[in-house]
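Subject: Structure for you to look over

Dear colleague,

Here is the structure I promised to pass on. Please open it next to this email; my notes follow below.

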Amino acid sequence: MCYNKMASHITIRERKVNLMLKKLKKQLGYTKRGLTGYFQNNFSKIPNIPADLTPSVIGKSVNNKPINCYQIGDGPIKVLYTFGIHGNEIGTVKLAQHLLVWLKEQKEFLQKFKIFVIPCLNPDGFKLARKSPQYLKGGNLGRFNAHNVDLNRNFLTPSFQKKSVWSFGKNFSESSEVYCGEFGNSEPETKAFTDFIEKEKIKILFMFHNAGREVMSNKNELSKKLVNSYCEKTGFKYVSEENWVILKQTGTAKEWCDLHEIAYVEVEGSTRWGSDRKKQKNAIQATLDLVAGGGIEPPTSGL
Ligand SMILES: [Zn+2]
């Protein structure tokens, strides 16, 4: 009895110590990432979007901010790159600026492609995240839109729910409940986005997040090939369909793309506040090569 009491006492103490160590490790991780982020936000140079590129406004955010879309090239294959659906993922918006500058120089590509770039789908969240980057708390403020909706849970799909789960952290070990809107496509940002894809009949979509260092495909065969190539170039992990299902995400862009037969590539970059361009530029180029002439037939419908 006495021995048992002592054993359980030690176990409780050990558990407390382990919990404390875990918390400390997490905070150290946040601090390291936050300090890097501070330098990335204040000292690294991000190119301006070329002045001769004029965006079209595909819609407005809850707070009436324009959602801009740039078009480069006038070839037959349409590809859409979208950034900043979660406004706190600031690095993705920086990557968009690099991408626009880089794409403009790719004369050869631009004969084959009509490329659309939406640098920031959630401008209200982005503005909040820029104002309060929360360097030492993981930088999550600004993820949602101004209705507090997680836009990547707001798509009109069979699995849509008003409340859903957001898994994060190492191996998605932590989770939190998120609000997904009153109904699928309720948010002006999601509606503008899906209306634009349907109007342009886009069949290849790249969606950029951070900072999980992962790439995910949907059920589409082309998307799986593109994700393989993206993982090869970046060293990011391939999250399979089976593993994605475990996350219990609802109303996502991925599911919406499956319904609309769109090749979907979801990139989780490696840094919250940095552009990640050194890792991702080659992957973007490789995937465009693959679609253009690497033995993969571009989709014939909707071009
Ligand atoms: Zn995200």
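Start with helix α5. Its buried residues are Glu189, Thr190, Ala192, Phe193 and Ile197. Viewed down the helix axis, these buried residues fall within an arc of 165 degrees, so they line one face of α5. On the other side of the helix, Glu198 and Lys199 are exposed. Bear in mind throughout that this is a predicted model.

What do the buried residues of α5 pack against? They pack against β1, β2 and β3. Just after α5, Lys201 takes a positive phi of about 55 degrees.

- β1 (residues 56–60) and β2 (residues 66–72) run antiparallel and are joined by 4 bridges. Val57 has Asn68 of β2 as its bridge partner. The two strands form a hairpin with 5 residues between them, where Asn64 takes a positive phi near 65 degrees.
- β7 (residues 204–210) and β10 (residues 263–269) run parallel, with 7 bridges joining them. Here Phe206 stands opposite Val265 in β10.

There is another hairpin to check, made by β5 and β6. β5 (residues 163–168) and β6 (residues 174–179) are antiparallel and share 6 bridges. Val165 is paired with Glu177 in β6. The hairpin has 5 residues between its strands, and Gly169 in the turn has a positive phi of about 80 degrees.

Next, Cys120. Where does Cys120 sit? It is found in the loop between β4 (113–118) and α4 (123–131). Is Cys120 buried or exposed? It has 25 other C-beta atoms within 10 Å, and the cut-off for buried is 20 or more. Cys120 is therefore buried. Leaving aside residues up to four places away in sequence, Cys120 touches Phe83, Gly84, Val93 and Phe126.

Last, the overall picture. The protein has 9 helices and 10 strands. Its radius of gyration is 21 Å, close to the 19 Å that the globule rule gives for 303 residues, so the protein is as compact as a globular protein of that length. The C-alpha atoms fill a box of roughly 80 × 45 × 40 Å along the principal axes. Of the 303 residues, 43% count as buried. Among contacts with a separation of 6 or more, 77% come from residues 24 or more positions apart.

Best wishes

How values were computed:
Residues are numbered from 1 along each chain as its sequence is written. This is a predicted model: local features need pLDDT of at least 70, side-chain atom pairs count only at pLDDT 80 or more; totals for chains, interfaces and linings use all residues. The radius of gyration is taken over C-alpha atoms; the globule rule is 2.2 Å times the number of residues to the power 0.38. A residue is buried if 20 or more other C-beta atoms lie within 10 Å of its own, exposed if 12 or fewer, and partly exposed in between; C-beta atoms are placed from the backbone. Two residues are in contact if their C-beta atoms, placed from the backbone, lie within 7 Å. Two strands pair if DSSP finds at least two bridges between them. The arc is that of the directions from the helix axis to the C-beta atoms.
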